[in-house]
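Dear colleague,

I am passing on the structure below and would be glad if you could look through it alongside these notes.

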Amino acid sequence: MSASITNTGKIIIDETYTPIDADKDGDLDGPFAQGSARTGIRTAGAFTGNIINSGEITVEGNDSAGVHLGGPLTGAFSHSGKTNVLGDRSVGVRLAAVTGNVTLGGTITATGHDAVGARLDGDIGGALVIEGQIGVTGYRSTTAPADPSKLDADDLLQGGSALVVAGNVAGGITLSGATDKLADVVAYGAAPAFQIGAADRAVTIGAIAGSTPAAGLAINGRVTGNGVYSGIAATGLAIGGLGGAVTIAGGVAVAGSVQANATGASATGIRFGAGATTPELRLGGTVAVTGGGSTTTQSVAVMVDTGASVPTIRNTGTVRAAATGASAVAILDRTGGVTLVENSGVITAAGGDASRSVAIDLSANTSGAVVRQTAPTTGAAPSITGAIRFGTGSDRLELAGGSVSGDVAFGAGSNRLEMSGASSFAGTATFGDGADTIAIGDTARFNGTADFAGGGADTLAISGKGVFAGRLVNAGNVAVTVASGGGTLAVSGGATIGSLNLGDQSVLSVALDKANPAANLITVTGASTIGTGSKLALRVAGGADIAGQYVVLRSGTLTGAQNLTLSDATVPFLYRGAIVAAAPNEIVVDVVRKAKTELGLNTAATGAFDAVDSAIGSDAKLAVAIRGLYDGAAFRAAIDQMLPNYSGGLFESVTLASRAAASQLREPAGAFTEEGGWGFFLSPVGWDASKAERSTTGYDVHGWGLSSGLERKTSAGNFGVSLAYLSGTDNEGLAVNKIKHSQYELAGFWRGHWGGFAAQLRGSAAFVSFDSVRQFDAELETENVQRRADADWNGMLYSGSGAVSYEQPIGQFSLRPVLAIDYYRLNEDSYRETGGGTGYDLTVRKRNSDELAVTASLAAGINFGGDNRYDQWSRIEVEGGRRERIAGALGRTTASFGSGDAFTLDPESRDSGWTGKVRAITGTTEVRLSGEVGAEQRLGDVALSARAALQFAF
């Protein structure tokens, strides 16, 4: 038959049947549909012409279909509309052979037991393009309820796959093509969301035209399998495994996502089953699975199952497997045929524990395989997280960049771990009985454990600026070579090796542990040779003070010992070391502490150093992180992080805030009396001040606030009250320490002016709450050592101030000398820190600080307007003078680490300094707007304040 079929409207074949809640358990019961054998569009045999559905098809009935081609189609098939079929064993779109292209767009859904979204049983002579949503489920709900116990069997029926390709596709398969329409293939249930293959025939998928590199299957959209309910496994993409062979030309490329999610069951992202063959799997998007829940389940992102053939897997995207309490494998080869896994993206596995978190499993391989991680050209560095398992062949792990975190098991054969670029390794690499090699070059760093359990003729070779900073286990036959040029051998925990050859300018780094002096000894059973210009570097281990004498190397024979030197740069800053005379074939170092006065600490830190040094002895990692520092500035910063707030930053911040709020009262008045008997003002304020490190640590304080006041005007002057909220932060010098304070101030004041004479008095009390975070951060080899201590306490700030001034007009200009006095007292409660541990948390005693100061200044202004009481008056004024501290002192800070001995830190005395202000005022006798910026010389720096004010008279 020759014709064309085009549907742009609606085809609806439904029924009056509606499921009901027969057992009254809160969900519907019974079948989805009662009728059967219904079809929206159907051909009974061969058809010539194009078939297009851009409309809507709705069908209710078992064994039914939205579109069913019962014979071959000579032409093309296109679906861009909406097809929805409800009923057991129903199919949304079912096609036999098609000579042209097949395009499935729009929305295709099928619901029912063994329902299928789209089933393509025949050969397709063109290309298959998916550019819409295809979904299927047998569930009544695709969201699991909080209590699934009430669900019936008919609520948990299993549907089929969302998309089944059971015939050849000459032009390849593309999910999300050049039209940029998203393909979204979803199955809710145990069946694979996307299945390629058949039980009774072979299937061949050709290469996609125009794709480079060529691929037979390109997934640029989404494929998702979701088990939904507990105990139901999930699979995203399944290729083969049904009985018939599946061959995909050019490989499989995933630039979109393939996902599988299961609860209490296994989840598989991509499975190449028996009979599946493709030359390469290229992953540029995301393959992610989540499952687990019991020890018998397994989550596998990519599985090459027994009987399949996929020799190469390349990843530039993300491959992720996660399993709760179960096994998680990112890439699993059960065939032994995967010979190359190349990664420049992320491969990660997170199972129930480290032994069940496997990134790459190639243990079935007997001929030798390569796992290669390339150096990044742009963007983030690649990574592999989880175990890597090789088989019995001669295997290679090649790391040209990025990181590997996980154990690596090399089997029999002569295996090789090659590191170059800026790559790093953290884990245990276990070798068999072959002639195995670890080669570390460029700036690569080995931070794990090398276990040469097989006992073969093994080699550890370091070149360039490479670093071996791990453990050597069962290394009695290992020949260690550090090539000339600056490579580093920094064995952790001591080792026995077969031979040692240190080339010119190489570095031998040894750890020292006072509690166990022999724990880090390097024993060479054979010969040791040390080249010209080689350096010995010392490290702190164990946390205890390392002052003492240590044998660091003992060898069968030793040549070139005189070439090894020890310099200040290779000894932790706290110590001084020397290579001393020793027995034959031994190298011995003698280490002494520097005096406190040699450490460059400020006066306060020097006084507290003994307490700090004693406290860190109870925290081994903290002690190593501080005592092991090589740089003096870093060492001093670390000691700074151990100290409480003491240098006066808090007093500076709270008093500067209060003074900024109080300065509102000292504004000059206009020539005419304000209207009304009442006044109100609203004044936002801000401040900023800092002190460089001198005899005490530096600080940087800043904050903002809002002050408002109400005053009553009388013949004796204005009497008023004000309220202020002031919030500030004190950052402590080099340390990562911060204190926030919130200040609630109540003040009473009086002010008045008679002619050119003006006077003000003010008294205040402020409740202040302090919230402190003191944090220590340091790198300990590959580990970040962090301690965080939190504390909060309260205080009270009291103040009294007064000022007098006299204004002398000179035409349009004015001069106004000002004399002011202020007194501030801050009483702080004691507090105890928590969260940092016994070696870091501090107990700080009460502290009181006060200051009495006198300020003398002269203001010069220029006036505009104000010729009568209704005229707007404005002034720009510049004020300069000096603030002289005449009494008071910052409180000493007394603290202790836990129940340890107390130490006291003396702050640096506050000094006097020049002051300057610029202000502008404008307004009438009813409303006034003003702003002011002030600067004050303080401790070699400048403190700044700013405020604005809006005043009303009524």
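Predicted model: local features only at pLDDT ≥ 70, side-chain atom pairs only at ≥ 80, totals over all residues.

Residues are numbered from 1 along each chain as its sequence is written, and side-chain values use heavy atoms, with hydrogens and water left out.

E936 lies in strand 77, residues 927–938 (helices, H or I of at least four residues, and strands, E of at least two, are DSSP runs numbered from the N terminus). E936 counts as buried because its relative accessibility is 8% (buried is under 20% relative accessible area, exposed over 50%, partly exposed in between, with a 1.4 Å probe and protein chains only). Its side chain makes polar contacts with the side chain of R659, at 2.5 Å, and with that of R938, at 2.8 Å (a polar contact is a pair of N or O atoms within 3.5 Å, where within protein one must be able to donate a hydrogen and the other to accept it, and residues adjacent in sequence count only if both atoms are side-chain atoms).

Helix 2, residues 620–627, is mostly covered, with 6 of its 8 residues buried, and these are L622, A623, V624, A625, I626 and R627.

An open sheet of 3 strands has the order 19-23-27 with parallel pairing (two strands pair if DSSP finds at least two bridges between them). Strand 19 (203–205) and strand 27 (276–277) are at its edges, each with a single partner strand, so one side of each has no neighbour in the sheet. Strand 19 is joined to strand 23 (residues 246–248) by 3 bridges, and V203 has V246 as its bridge partner in strand 23.

With best wishes
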